[in-house]
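Dear colleague,

Please find the structure below. My notes on it follow.

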Amino acid sequence: MITVQDLHKSFGDNEVLKGIHCEVEEKEVVCVIGPSGSGKSTFLRCLNLLEDITSGDVIVDGYNLKDKATDINMIRTEVGMVFQQFNLFPHKTVIENVMLAPRKVRKISADEARKRGEALLEKVGLAEKANQYPSQLSGGQQQRVAIARALAMEPKLMLFDEPTSALDPELVGEVLEVMKQLAKEGMTMVVVTHEMGFAREVADRVFFMDEGIIMEENTPEMIFTNPASERTKNFLNKVL
Amino acid sequence: MFDFGQVIDFLPQLRTGLYYTLLISVVGLLAGFVLGAIFGLGRISKNKFFFVIASIYVEVVRGTPVLVQAIWIFFALPIITQYNMDSITAGIVVIAINSGAYIAEIVRGAVDSIDKGQMEAGRSLGLNKHQTMRYIIWPQAFKRMIPPLGNQFIISIKDTSLLSVILVPELMFQGRYIASNHFNAVEIYTTVALFYLVINFSLSLLLRYIERRLNY
């Protein structure tokens, strides 16, 4: 589903990604952990070209993102993204948030989009909030709407950029629950997270990133119980 | 001493003046809004050429008095272009160009103030840049534009009174004409002032209503 080869990314003189190699298989759940400033979010944002790539190759669903012939808008319809700050559209109701992209990009009818949107809100447990505005919801509810909004495009792959970091602790669980459900249904997911419990329980593989590279990748059991690198060990000691 | 009753005799002229004041304000500000939207986007454009053109426009207009602009467009421009504009057209052009520059800054500020995450969320869903601007950024930016736009509309409506110097038969022009012929400055200029006050206060109320309607 994703192949990344020697990905570099610089902001001016500051090289943030220093040669990333990785593969993500279909239906796989990968959690990306690591200290802040290690390039986790930048790496994730390169996977749908929210950051342009300085050098290297990123191949998503068979399309090389660097290829000029690749239609990035088409790729993005296949790649859902969930942000730390939710980024719901505040001037639209919950159901309108979910319906917008299917209507305007996929060009499906309003009825169809509404039906699909209502089913997705049901799925994230927010059917009764359909006609409210984002500002009337709690953070956890907003993030669940953001997940439903991304799912409305029926993506093949979902990216999560620290989806619970902006939430009050008591609201983290409801969002992780929705993500767990999604993983169970076989969605391919790349999740940048500080939730080690989630990574341990749900991930098929964990990437530990530091200083702009993937230092270590392994199954959660191996990473959490028997980390190979000293840096991974240090990091886990601090966060666990 | 003062005879406000006589104002009734001059209402036809004042009504003509009011008509031109409103005509120039409405048409000038509509055109100004279009100019403002275009050049406002120019001021946030990554296209260097568009950015420079927009910046020059804004700086030239902001850096010169509207009275000078009016006189230049009516008296100087025809000499350069060999094309004579009637005073009403010239008046509309002055208001459009002048308000356009200020509105460009209002548009730039409002669009800039929308969180970057909104554009990213739109793009990540597969909407192209144009669609994201149209469905997500603009509606939010527009709401933030309303108070400063209202301010600018009111300033521009008052600026139309300066167009009397280029012989636009608007409210102030009519007032001056009447007062100098009938020696009733107090009655006429007070009435003229009231006309402007009523226009602008109505506009204020309308904008407040629109802003409330757009609440979310």
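A residue is called buried when its relative accessible area is under 20%, exposed when over 50%, and partly exposed in between (1.4 Å probe, protein chains only). This is a predicted model, in which local features need pLDDT of at least 70, side-chain atom pairs count only at pLDDT 80 or more, and totals for chains, interfaces and linings use all residues. Residues are numbered from 1 along each chain as its sequence is written, chains are lettered from A and ligands numbered from 1 in the order in which they are written, and side-chain values use heavy atoms, with hydrogens and water left out.

I begin with helix α7 of chain B. Helices are DSSP runs of H or I with at least four residues, numbered from the N terminus. In α7(B), the buried residues are B:Leu171, B:Gln174, B:Gly175, B:Ile178 and B:Ala179. Viewed down the helix axis, these buried residues fall within an arc of 125° (taken from the directions from the axis to the C-beta atoms), so they line one face of α7(B). They pack against α1 (11–43) and α8 (185–213) of chain B; contact means heavy atoms within 4.5 Å. Just after α7(B), B:Phe183 has a positive phi of about 55°.

B:Ser87 counts as buried because its relative accessibility is 14%. Leaving aside residues up to four places away in sequence, B:Ser87 touches B:Phe74, B:Ile166, B:Leu167, B:Val168 and B:Pro169.

With kind regards

Definitions and conventions: Helix = DSSP H or I, 4+ residues; strand = E, 2+ residues; numbered from the N terminus.
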